[in-house]
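Trainee: I should like to study this protein with you by question and answer. May we begin?

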Amino acid sequence: MKKISAPTLQEAITQATIDFNCSVIDLEYEIIQQGSRGFLGIGKKPAIIVANVKNYQKFSINSFASFQEEKEDVGELCRKIEEELKKLLSFMPYEIDRICVTPYDKQTLKIFLDGKDSALLIGEKGYRYKALSYLLFNWIWHQYHYNIRLEVAHFLQMQEEIVEQYIQNIQKDLQTSQTFKTKPLYGIFGVIMLKRLREIYPGRYITLKQEKNEQYIIISCTE
């Protein structure tokens, strides 16, 4: 369980999904305080929740491996999901002519989409990509118990490369500052960078903050 405070209830829930690296549907939470804007700043209160991930995601390594053995052949499963994806995307007004599902690792399937309208599927600043990724994750996890890595015309790979370059550029500041605040991050950048920074600096306090329409990451640079 984790206590989370934010200016609004929606922001608190969003922060919880980022901290636990899950979608809203996989989150369970209790509202401790609804939050209030007050009047002219007087009586303003933050929204406070206590959150956790639902129990069905808490697989141990052994139980997950056992579960994997009972599932159908992964190659056949990938072909099945491809056909279901083709039906799903046929209802959308986009020309996507390449749909490929392959194993990425033992717990993850890679979904690759490409076509004339790939840019439209990604959307401005990657917001449409992020929404599609959550939609597909919720479906495939609940139906087949696999995580997904969604790649639309190499969009995710390019975002990860940009994040890696930015992290290299701020490494000197991370070594000399007590706390560090990143530049404003938009769309999927924040989620990718948060995950990567936590992998590189597991002993540091790293959190994603949001103010109005901007989000950024705060890094405590002391171990």
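Trainee: How many aromatic pairs does the structure hold?

Mentor: This is a predicted model, in which local features need pLDDT of at least 70 and side-chain atom pairs count only at pLDDT 80 or more, while totals for chains, interfaces and linings use all residues. Residues are numbered from 1 along each chain as its sequence is written, and side-chain values use heavy atoms, with hydrogens and water left out. Rings of Phe, Tyr and Trp (its six-membered ring) pair if their centres lie within 6.5 Å; planes under 30 degrees apart are called stacked, over 60 edge-to-face, and the rest tilted. The number of aromatic pairs in this structure is two.

Trainee: How are the rings of Tyr-129 and Phe-155 arranged?

Mentor: Their centres are 4.9 Å apart. Since the planes meet at 55°, the pair is classed as tilted.

Trainee: In which helices do Tyr-129 and Phe-155 lie?

Mentor: Helices (H or I, at least four residues) and strands (E, at least two) are DSSP runs, numbered from the N terminus. The two residues belong to separate helices, so their pair ties together parts that are 26 residues apart in sequence. Tyr-129 is in α5 (residues 127–144), and Phe-155 is in α6 (residues 155–176).

Trainee: Are Tyr-129 and Phe-155 buried or exposed?

Mentor: The classes rest on relative accessible area: buried means under 20%, exposed over 50%, and partly exposed in between, with a 1.4 Å probe and protein chains only. By this rule, both Tyr-129 and Phe-155 are buried.

Trainee: Why is the pair of Phe-137 and Trp-141 called stacked, and what is the angle between the planes?

Mentor: These two residues both lie in helix α5, four residues apart, which is about one turn of the helix. Phe-137 counts as buried at 11% relative accessibility, as does Trp-141 at 5%. Their ring centres are 6.2 Å apart, and the pair is stacked because the planes are at 20°.

Trainee: Which residue lies over the face of Tyr-216?

Mentor: A charge sits over a ring if NZ of Lys or CZ of Arg is within 6 Å of the ring centre and within 35 degrees of the ring normal. Here the distance from the ring centre is 4.0 Å, and the residue over the face of Tyr-216 is Lys-181.

Trainee: Which residues of the largest nonpolar core touch the most other members?

Mentor: A nonpolar core is a set of buried Ala, Val, Leu, Ile, Met, Phe, Trp, Tyr and Cys residues joined through side-chain atoms within 4.5 Å. The largest such core has 46 residues, and those touching the most other members are Ile-111, Leu-113, Leu-150 and Ile-217. Apart from it lies another core, of 10 residues, including Ile-4, Ile-13, Cys-22 and Ala-51.

Trainee: Which residues does Ser-118 touch beyond four places in sequence?

Mentor: Ser-118 is part of helix α4 (residues 118–122) and counts as buried at 5% relative accessibility. Contact means heavy atoms within 4.5 Å. With residues up to four places away in sequence set aside, Ser-118 touches Ile-96, Leu-113, Val-152 and Ala-153.

Trainee: How far apart are the end C-alpha atoms of α6?

Mentor: The expected span of a helix is 1.5 Å times one less than its number of residues. The 22 residues of α6 should therefore span 32 Å, which agrees with the distance between its end C-alpha atoms, 33 Å.

Trainee: On which residue is the kink in α6 centred?

Mentor: The bend at a residue is the angle between axes fitted to the seven residues ending there and the seven starting there. In α6 there is a kink of about 45°, centred on Ile-170.

Trainee: Against which elements do the buried residues of α6 pack?

Mentor: Among the buried residues of α6 are Phe-155, Tyr-166 and Ile-170. The buried residues of this helix pack against α4, α5, β6 (147–152), β7 (179–181), α7 (189–200) and β9 (214–220).

Trainee: Where does His-154 lie?

Mentor: His-154 has a positive phi of about 65° although it is not a glycine. At 41% relative accessibility, His-154 counts as partly exposed. Its place is the loop between β6 and α6.

Trainee: What percentage of the residues of the protein count as buried?

Mentor: The protein has seven helices and nine strands. Of its 223 residues, the share that counts as buried is 40%.
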